[in-house]
Amino acid sequence: AKPIVAIVGRPNVGKSTLFNRIVGARVAIVEDMPGVTRDRLYQDAEWRGREFTLVDTGGLDFAEDVITSQIRKQAELAIKEADVVLFVVDAREGLTAVDEEVARSLRRADKPVLLVANKVEQFDKIPYYEFYQLGLGEPIPVSAAEGLNTGDLLDELVTLL
Ligand code: GDP
Ligand code: MG
């Protein structure tokens, strides 16, 4: 079977946009409203001859007060089945408590993680280094929307497969 790569992170950070960018098609629904990916979405993908199955995760009917536990549950399920995790954060919003919550689950899991700082269209203008304090290694700046640096991200990803 192909290795499984799960995209996790809080709502609206750009998980589905990154998913679409990597699979090369608009499969996942991108929405300004958080929590639109209702189920996990699987799609085969390939980079430099390495095949893998990409999983887009999303929340289920989030209410404000259950948002953290829902994301934790969703992330933990995805992490369990994944061989590698792409943990997406929003560099424009900065570090949030929910990011820290997801990071805690990821540090507990014994899985390779790439920390993806999304929405970095201009490297000099958007500081993404604060995410280093999540304890998951160096944040990799990308713009999923514009495809900036996503090739470098995929180069790093395939070294972990
Ligand atoms: P998800 O909830 O994590 O799946 O996030 P989506 O992929 O649905 O994106 C949420 C919002 O962020 C949408 O309005 C996207 O257009 C926007 N977005 C996604 N990626 C980027 C990016 O690289 N740069 C910017 N500026 N916006 C982005
Ligand atoms: Mg989504």
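This report describes the sheet, the helices and the salt bridges of a predicted protein model.

**Confidence of the model**

Across the protein the mean pLDDT is 85, and 82% of the residues score at least 70. Among the elements, strand 5 (residues 113–118) has the highest mean pLDDT, 98, whereas helix 2 (residues 67–81) has the lowest, 72. Over residues 59–64 the pLDDT stays under 50, and for this stretch the model has 10 contacts beyond four places in sequence. Where pLDDT is low, the predicted coordinates should not be read in detail.

Strands of a sheet pair through backbone hydrogen bonds, either parallel or antiparallel.

Strand 1 (residues 4–8) pairs with strand 4 in the parallel sense, over four bridges, and it is also joined by four bridges to strand 3 (residues 50–56), again in a parallel run. On the side of strand 3, the bridge partner of Val 5 is Leu 54, and that of Ile 7 is Asp 56. On the side of strand 4, Val 8 stands opposite Phe 87.

Strand 1 is mostly covered, with five of its five residues buried. From this strand Ile 4, Ala 6 and Val 8 point one way while Val 5 and Ile 7 point the other way, and the residues of both sets are all buried.

Strand 4 (residues 84–90) is likewise mostly covered, seven of its seven residues being buried. Val 84, Leu 86, Val 88 and Asp 90 point one way from strand 4, and Val 85, Phe 87 and Val 89 point the other way, all of them buried. Strand 4 pairs with strand 5 in the parallel sense over six bridges, and within this pairing Val 89 has Ala 117 of strand 5 as its bridge partner.

**Salt bridges**

| Pair | N to O distance | Relative accessible area |
|---|---|---|
| Lys 119 and Asp 90 | 3.0 Å | Lys 119 23%, Asp 90 3% |
| Glu 121 and Arg 92 | 2.4 Å | Glu 121 23%, Arg 92 52% |
| Glu 101 and Arg 104 | 3.2 Å | Glu 101 14%, Arg 104 38% |

The side chains of Lys 119 and Asp 90 meet in a salt bridge. This pair links distant parts of the chain, since Lys 119 is in the loop between strand 5 and strand 6 and Asp 90 is in strand 4, 29 residues apart. Lys 119 has a relative accessible area of 23% and is therefore partly exposed, whereas Asp 90, at 3%, is buried because this value falls under 20%.

A salt bridge also joins the side chains of Glu 121 and Arg 92. Here too the pair links distant parts of the chain: Glu 121 is in the loop between strand 5 and strand 6, and Arg 92, 29 residues apart from it, is in the loop between strand 4 and helix 3. Arg 92 counts as exposed because its relative accessible area of 52% is over 50%, while Glu 121, at 23%, counts as partly exposed.

The salt bridge between Glu 101 and Arg 104 lies within one element, as both residues belong to helix 3 and are three residues apart, about one turn of the helix. Of this pair, Glu 101 is buried because its 14% relative accessibility is under 20%, and Arg 104, at 38%, is partly exposed.

Definitions and conventions
Residues are numbered from 1 along each chain as its sequence is written. Chains are lettered from A and ligands numbered from 1 in the order in which they are written. This is a predicted model: local features need pLDDT of at least 70, side-chain atom pairs count only at pLDDT 80 or more; totals for chains, interfaces and linings use all residues. Side-chain values use heavy atoms; hydrogens and water are left out. pLDDT is the predictor's confidence in each residue, from 0 to 100. Helices (H or I, at least four residues) and strands (E, at least two) are DSSP runs, numbered from the N terminus. Contact means heavy atoms within 4.5 Å. Buried means under 20% relative accessible area, exposed over 50%, partly exposed in between (1.4 Å probe, protein chains only). Two strands pair if DSSP finds at least two bridges between them. A salt bridge is a side-chain nitrogen of Lys or Arg within 4 Å of a carboxyl oxygen of Asp or Glu.
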